[in-house]
Amino acid sequence: MTLKARYARDAIIQIVMVLLTALVVIPLFIIIGYVVINGISALNMDFFTQELGSPARAMRGRPTGLVHSITGTIVIDLVALVMAVPFGIATGIMMSEYQEHPLSPVARLMTSTLNGMPAVLMGLLAYGLVVKNTGGFSALAGSVALAFVMIPIIARTTESVLRVTPWGLREAGLSLGIPRWKVTTSLVLPAARAGVVTGILIAFARAAGEAAPLLLTSFGNNYFSLDMTRPMDTLPQRLYSLAISPYKQWHAMGWGGAIILLLFVMITFLVGRLVIRRMERQMEQ
Amino acid sequence: MSIRATEQRETAAGEIVGAGGAATGVAATGGNGFYPNGRPVKKIDGTTVRMETEGLTVRYGVSTFGIQDVSMPVFDRSVTALIGPSGCGKSTFLRALNRMHDLGVDIEVTGAAILDGENIYEPQVDAVTIRRRIGMVFQKPTPFPTKSIYENVCAGLRLVGMRRKNVLDEAVEKALTDAALWDEVKDRLRSPGGSLSGGQQQRLCIARALAVEPEVLLMDEPTSSLDPNATMRIEQLIQQLKEQVTIVIVTHNMQQAARVSDYTAFFYVGEMVEISRTQQIFSSPREERTQEYLSGTFS
Ligand SMILES: Nc1ncnc2c1ncn2[C@@H]1O[C@H](COP(=O)(O)OP(=O)(O)OP(=O)(O)O)[C@@H](O)[C@H]1O
Ligand SMILES: [Mg+2]
């Protein structure tokens, strides 16, 4: 093949790659654009300060908003994260660092199964575990359901980043007479922390967008509440109920809520990237 | 342990006796004929045996032998060099001496590695305690990437609970000085261990191993990434350390083996072919394979 032909082939492959990437990125921009165009009009002061209340409020032009859904999303997702992180990381450590342990292959099978399971099943599980036993829908049950969504994702990413940390790190630690658990927590995990944090972020963003597991657990609420033992509202679920409602005013609010949800996920990733960048810089200099 | 292993030990001992020459002259560990753990001291030709292997075999998977049936002594407060072609099992043997293979999946260790008369592979022996006493410097430098130079050196002390700052400071300075690195890093002890050059990283790892003051130090080609000056200083360090510490060192550099070691063991395709006093093995090796290897490397 001549040099010229090789250059030509290089150029063609590059064009194909750009085209394929554009095919992935363009729909994303269309979605974002569509959401923003439809929802931006709903974003006023009331939207961020008022609770939804009954449909009558919107119909008669009285102040109404989604503040209770925004706070509810933050509370339920954060509580879910706090519950999921220790279990997820511990399971990841079990799968990567204790491969000889009989639980290790079981954990691997379970996490891949859970990862592929529809999220509504996590809602059913939390319904059976929490709602049934506490006698009612609650924000806590919603957090448990979302934690079930997060755990296998955190566990899987933790496992894979731990596996790519150099083996020599563990041996170096052990050769100093440091106990194995301490080698894992003080040497291996910190070396992989940027990857672990990324996994947590992915799990968080994924769970933040789920509506199905919350239908049977945190149930939803038209009014403001921060009581974990009672039903609480969340954005994904509220989007759905606003969208299927017969009220035109509510449809616009739904689009507005979608903008907030998108922002919520984007900010999560931005903050995450900053944290990760700082961690990586710390390791380099 | 099998009769066969015992016979092997006699052979290994016989070679050393045959090698002749006086012992290093240092009094036996524990002084009065006992190891610190109270077991009677074993001597070969008047010299205290600190470690010893009996029929030590390491298998990778079912069929691949790392080392096969290795029986040899390691004498107290002396330097034993392990030589042999690449892939002959030197690292495998060294790592078996402080139970480094424990974590490996699919690695099987059989036979005995004895420290102070006690087999470190006995079930009641705690591997962590063993590794505190038997330190190791690896073939590839492995600084802890998230830790500073200072934290790297005192990691062994700190991660097992030593908190007193003056003790740590002192240990860090001493270990770095011994490892010929202090002058280069004393102004940047807080920067990450990974920011050092390859050779500096290796000396950092040597310092890290020294800081916990092991009784036995295993070194796998510790100077292969160092310049002549740093190499010389590490060799001096080895000479100085052997007053206190028993050292086993793997090296591909025959001159280095001749310079630093008191005993030399020649490995070949997973077997320990012969161990003798260093002058003996270089001037008149007993085995033909040793002879061939040495003349090959020298010519
Ligand atoms: N983790 C492993 N899995 C499978 N085989 C291994 C492993 N480590 C070493 N081996 C094999 O065991 C044999 C001995 O290897 P070892 O690393 O002990 O050699 P060496 O003498 O240290 O060589 P070098 O001088 O190149 O460092 C080699 O054939 C090698 O391929
Ligand atoms: Mg080696």
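Helices (H or I, at least four residues) and strands (E, at least two) are DSSP runs, numbered from the N terminus. By this rule, chain A has 13 helices and zero strands. Its pattern along the sequence is α-α-α-α-α-α-α-α-α-α-α-α-α. The C-alpha atoms of chain A fill a box of roughly 70 × 65 × 35 Å, taken along the principal axes.

The model is predicted: local features need pLDDT of at least 70, side-chain atom pairs count only at pLDDT 80 or more, and totals for chains, interfaces and linings use all residues. Residues are numbered from 1 along each chain as its sequence is written, chains are lettered from A and ligands numbered from 1 in the order in which they are written, and side-chain values use heavy atoms, with hydrogens and water left out.

Two helix pairs of chain A were examined. Two packed helices are described by the angle between their axes and the distance between the axes. Axes are lines fitted to C-alpha atoms, for helices over the stretch in contact, and angles run from 0 to 180 degrees between N-to-C directions. Helix α6 (residues 119-134) and helix α7 (residues 139-164) of chain A cross at roughly 135°, and their axes come within 8 Å. α6(A) and α7(A) are therefore oblique to each other. Angles under 35 degrees count as roughly parallel, over 145 as roughly antiparallel, 65 to 115 as roughly perpendicular and the rest as oblique. The crossing of α6(A) and α7(A) is right-handed. A crossing is left-handed if the near helix is turned anticlockwise from the far one by less than a right angle, and right-handed if clockwise.

Helix α5 (residues 103-116) of chain A also packs with α7(A), at an angle of about 125° and with the axes 9 Å apart. That makes α5(A) oblique to α7(A). The crossing of α5(A) and α7(A) is left-handed.

Ligand 1 has chain B residues around it, including Tyr60(B), Lys90(B), Gln139(B), Glu221(B) and His252(B). A residue counts here if one of its heavy atoms lies within 4 Å. The shell divides into two nonpolar, eight polar and two charged residues. Its largest share, three residues, comes from helix α2 (residues 90-96) of chain B.

An oxygen atom of ligand 1 is 2.4 Å from a side-chain N or O atom of Ser86(B). A polar backbone atom of Cys88(B) is 3.2 Å from a ligand 1 oxygen. For a backbone N or O atom of Gly89(B), the distance to an oxygen of ligand 1 is 3.0 Å.

Methods:
Polar contact = N/O pair within 3.5 Å; in protein donor to acceptor, adjacent residues only side chain to side chain. Nonpolar A, V, L, I, M, F, W, Y, C, P; charged D, E, K, R; others polar.
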